[in-house]
Amino acid sequence: MFDLNNLLRENIKKLIPYSSARDEFKGEARIFLDANENSFGSPLTKWYNRYPDPLQKKLRQKLGEIKGVPRDNIFLGNGSDECIDILLRAFCEPAKDNIIICPPTYGMYEVSANINDVHVKKVPLTSSFQLDLTGIEEAVDDHTKMIFLCSPNNPTGNSLNKDDVEIILNNYFGLVVIDEAYINFSRFRSFTQELNEYPNICVLQTLSKAWGLAALRVGIAFASEAIVQIMNKIKPPYNINQASQELTLEALEEVGQVNEMIREIIKQREELIRQLSELSIVQTIHPSDANFLLVKVNDARGIYNSLLEKGIVVRDRSKVELCEGCLRITIGTPKENNDLVKELTDFARQIH
Ligand SMILES: *Cc1c(COP(=O)(O)O)cnc(C)c1O
């Protein structure tokens, strides 16, 4: 059975969290002399002399309304990268516990685990970039605290089979982290609507991709109230700064505009697939539920360098296992995509 208390590290169970001035005082006051802020103001016109809300209540409320998830099931991190780090620190005993990842996948799970001295067990995806369920079952041991799944997956672009993910959720009693950074570009539904079915689920999303707010650093973890409380207990007190909270709230009013951009990006993705498939240097364009394409080409390094000379930078994934010979290309604006295709066409011509 899943038992959160068994998963949690002893030191975190016992932890008395930092209590900030703004934690200890809640309510209305006229004069704030509790936090050693600068009472005279700031060089900026806004009230940036005051510490932000440590629990980001307005922002979580608004996000909850948009996502259809109660506020108490939402944790905010300084990017989802911070959520990943906090999960590792909450549940994994350094030099003792381990996690499972399924490469090729997002690099931060492994780096973050390495930083925390948490052992990483790798169960590669199958050749069709799906989960190797038998491999995962064999890899799980008594110290496996978490399995990281990424769907749609970076850098392959595909979604994981929902049935496979559900088999893991139903049979593994550690935490299943489902990274949905690219969910807005996908045909498939998010797992955020299934928090009540699975006590062991933690869904990660971010405002860095579809929402176009990478610079603000807002990542989201959706999980049980108990998990959210643990994460809030160990996060740095003011991890989402005031400017990010304000600007994000402003951006969240524009759901329509964002949905329009998402539609346009998906349209451009299909258009780019069409154009790339006509090039002789392109061998395979992997199906994508994301805002990028994984493309197998003749001479990935040569093409990468040639594009770079023209001022176009893509991601060279050609040395990554199962991505041999592949470039990862983010969908750009129509003009950017046309420039890319033009340079690739020139390159193809030169080598013939
Ligand atoms: C980009 C990306 C993230 C990082 O999101 P931030 O919120 O910007 O930290 C997380 N997971 C995956 C799979 C990504 O591709």
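Reply: Let's start with the largest pocket and the helices around it. Helix H3 (21-24), helix H4 (57-67) and helix H10 (242-251) each put at least two residues into its lining. H10 gives the largest share, with four residues. Keep in mind that this is a predicted model.

The largest pocket has a volume of about 670 Å³. Its lining is made of 19 residues, and Arg22, Tyr51, Pro52, Asp53 and Gln242 are the ones closest to the centre. Sort that lining by class and you get eight nonpolar, eight charged and three polar residues.

Next comes the second largest pocket, at about 410 Å³. Here 20 residues make up the lining, with Thr105, Tyr106, Gly107, Asn154 and Arg317 nearest the centre. This lining draws on two domains: domain 1 (4-19 + 52-253) and domain 2 (256-350) each supply at least three residues. By class, the second largest pocket is lined by eight nonpolar, seven charged and five polar residues.

Now the ligand. It has 13 residues around it, and the closest are Asp179, Tyr182, Thr206, Ser208 and Lys209. By class, this shell holds five polar, four nonpolar and four charged residues. Looking at individual atoms, a side-chain N or O atom of Tyr182 sits 2.6 Å from a ligand oxygen, and a side-chain N or O atom of Ser208 is likewise 2.6 Å from an oxygen of the ligand. For Asp81 the atom in question is a backbone N or O, placed 3.2 Å from a ligand oxygen. On its own the ligand has 390 Å² of accessible area, and the protein covers 94% of that.

The largest cavity comes to about 50 Å³. Its lining consists of Cys102, Thr105, Leu125, Leu131, Phe148, Leu149, Cys150, Asn153 and Leu160, which sort into seven nonpolar and two polar residues, with no charged ones.

Around it are Leu276, Val282, Val295, Val297, Ile303, Leu327, Ile329 and Leu344. Strand E9 (292-297) and strand E11 (326-330) each contribute at least two residues to that lining. Its class count is eight nonpolar, with no polar and no charged residues.

Conventions. Residues numbered from 1 in each chain as written. Predicted model: local features only at pLDDT ≥ 70, side-chain atom pairs only at ≥ 80, totals over all residues. Heavy atoms only, no water. Near = heavy atom within 4 Å. Polar contact = N/O pair within 3.5 Å; in protein donor to acceptor, adjacent residues only side chain to side chain. Areas by Shrake-Rupley, 256 points an atom, 1.4 Å probe, with all protein chains shown as cover. Nonpolar A, V, L, I, M, F, W, Y, C, P; charged D, E, K, R; others polar. 1 Å grid on protein atoms, 1.4 Å probe; cavity = no way out; pocket = protein on both sides within 12 Å on 5 of 7 lines; lining within 4 Å. Points joined across faces, edges and corners; volume = space filled by probe spheres on them. Domains from an automatic or database assignment.
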